[in-house]
Amino acid sequence: MFSRLASSSLAVTLSLATVFACQAEAAGVDYSAAFSHPKHINAGVLNISYVDIGPKNGQPVILLHGWPYDLHSYADVAPALAKKGYRVIVPENRGFGSTRFISASTPRNGQPSAMAKDVVDLMDALNVRQAVFAGYDWGARTADIVAALWPERVKALVSVSGYLISSQQIGEKPLPPKAELLWWYQFYFATPRGAAGYAQNTHDFARLIWQQASPGWKFNDATFNVSAKSLDNPDHVAITLSNYRWRLGLEKGEARYDPYEQKLATLPKISVPAITIEGDENGAPHPQPQAYAGHFTGKYEHRTFSHVGHNPPQEAPQSFVKAVVDADHL
């Protein structure tokens with residue numbers, strides 16, 4: 001009897017020691033190299049570049065970046081979450097960084113549902129059944145779509161600017177002039193001149209968007225240049241043009257994504273636990289929180305970040321980390 005009790009106590013002690021050792025190890029790891037040397041995996045139509053840090057048995061968190069940014073938006077957020085015991089996965093979108101199409105014949109399609117399917121394919125490739133999702137800009141739209149179409153894959157959601165699901169039909173409706181003005185680049189990209197201009201001045205264009213979208217964010221050249229390198233992807237211009245032209249109904253997209261687009265056109269509710277975020281200095285086009293709150297039918301909170309623009313994970317990383325942890329615990 002004593003022997004069994006002793007063995008049981010020893011096992012518990014060793015288990016606790018292992019847990020504490022893993023936590024201590026996670027707290028002391030330098031994850032910076034992971035962002036300069038991302039991993040790669042074939043998933044769906046892509047060979048995806050991604051960061052994967054933190055305990056492999058931790059709760060997965062998938063962080064999705066926007067345009068014209070890159071995975072370095074999460075250079076502070078991801079390590080902070082990893083040190084809390086999360087497994088943090090940060091993929092580079094199609095057309096960004098070292099993510100590449102496997103086949104030269106695959107259309108360089110930037111429609112939103114294609115990007116959402118990319119993330120689901122990545123989860124399958126990594127054998128991640130369910131994750132907490134967080135994103136801003138294109139990344140928030142992607143996360144919203146995954147939550148709406150594949151809710152079983154999403155434990156909880158953090159979405160900057162809330163509900164960003166739309167359709168080509170909705171995109172046909174003109175907006176008030178002030179709202180249209182904010183979308184100037186979308187109309188620019190619809191023209192041959194815009195296509196040539198973005199290809200010729202990609203970095204300068206991105207810097208202008210950063211400044212417009214986050215007027216109070218005083219980023220330096222080093223911060224910008226690290227992310228700007230990701231825009232040198234050979235498919236970046238094509239993906240960018242495709243995304244905005246698709247929204248205006250100037251591109252059909254691919255038939256393989258039609259079933260998804262048909263569901264998204266109904267503006268499906270998001271039932272997973274969610275926290276939405278808005279920066280009070282967001283200079284990019286965005287809906288008002290009261291306009292989208294009703295689209296979230298599960299446990300739900302909204303947070304406004306003070307003195308923050310369009311890129312909260314990079315502008316307010318500590319507050320963003322807290323939102324992810326809190327969403328996980330909703």
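This is a predicted model: local features need pLDDT of at least 70, side-chain atom pairs count only at pLDDT 80 or more; totals for chains, interfaces and linings use all residues.
**Strand E3 and its neighbours**

- Strand E3 is also joined to strand E4 (residues 87-91), by three bridges, and these two strands run parallel.
- Together with helix H3, strands E3 and E4 make a β-α-β unit, which is right-handed.
- In a regular strand, side chains alternate between the two faces of the sheet.
- Both faces of E3 are covered: Pro 60, Ile 62 and Leu 64 are buried on one side, and Val 61 and Leu 63 are buried on the other.
- Because five of the five residues of E3 are buried, the strand is largely enclosed by the rest of the structure.

**Backbone features in loops**

- The loop between strand E3 (60-64) and helix H3 (77-82) holds Pro 68.
- The peptide bond from Trp 67 to Pro 68 is cis, and its omega is near -5°.
- Asp 137 lies in the loop between strand E6 (131-135) and helix H5 (138-149).
- Although Asp 137 is not a glycine, its phi is positive, at about 55°.
- Asp 137 counts as buried because its relative accessibility is 14%, and the cut-off for buried is under 20%.
- His 307 is found in the loop between strand E9 (300-305) and helix H15 (312-315).
- His 307 is another residue other than glycine with a positive phi, here near 60°.
- With a relative accessibility of 64%, His 307 counts as exposed, since the cut-off for exposed is over 50%.

**Contact between helices H9 and H12**

- Two packed helices are described by the angle between their axes and by the distance between those axes.
- For helix H9 (residues 192-200) and helix H12 (residues 236-247), the axes come within 10 Å and cross at roughly 145°.
- The crossing of H9 and H12 is right-handed.
- On the H9 side, the residues in contact are Pro 192, Ala 195, Tyr 198 and Ala 199.
- On the H12 side, they are His 236, Val 237, Thr 240, Leu 241 and Arg 245.
- The residues of this contact of H9 with H12 divide into six nonpolar, two polar and one charged.

Notes. Residues are numbered from 1 along each chain as its sequence is written. Side-chain values use heavy atoms; hydrogens and water are left out. Axes are lines fitted to C-alpha atoms, for helices over the stretch in contact, and angles run from 0 to 180 degrees between N-to-C directions. Helices (H or I, at least four residues) and strands (E, at least two) are DSSP runs, numbered from the N terminus. A crossing is left-handed if the near helix is turned anticlockwise from the far one by less than a right angle, and right-handed if clockwise. Contact means heavy atoms within 4.5 Å. Ala, Val, Leu, Ile, Met, Phe, Trp, Tyr, Cys and Pro count as nonpolar, Asp, Glu, Lys and Arg as charged, and the others, Gly among them, as polar. Buried means under 20% relative accessible area, exposed over 50%, partly exposed in between (1.4 Å probe, protein chains only). Two strands pair if DSSP finds at least two bridges between them. A crossover is right-handed if, with the strands pointing away from the viewer, the path from the first strand over the helix to the second runs clockwise.
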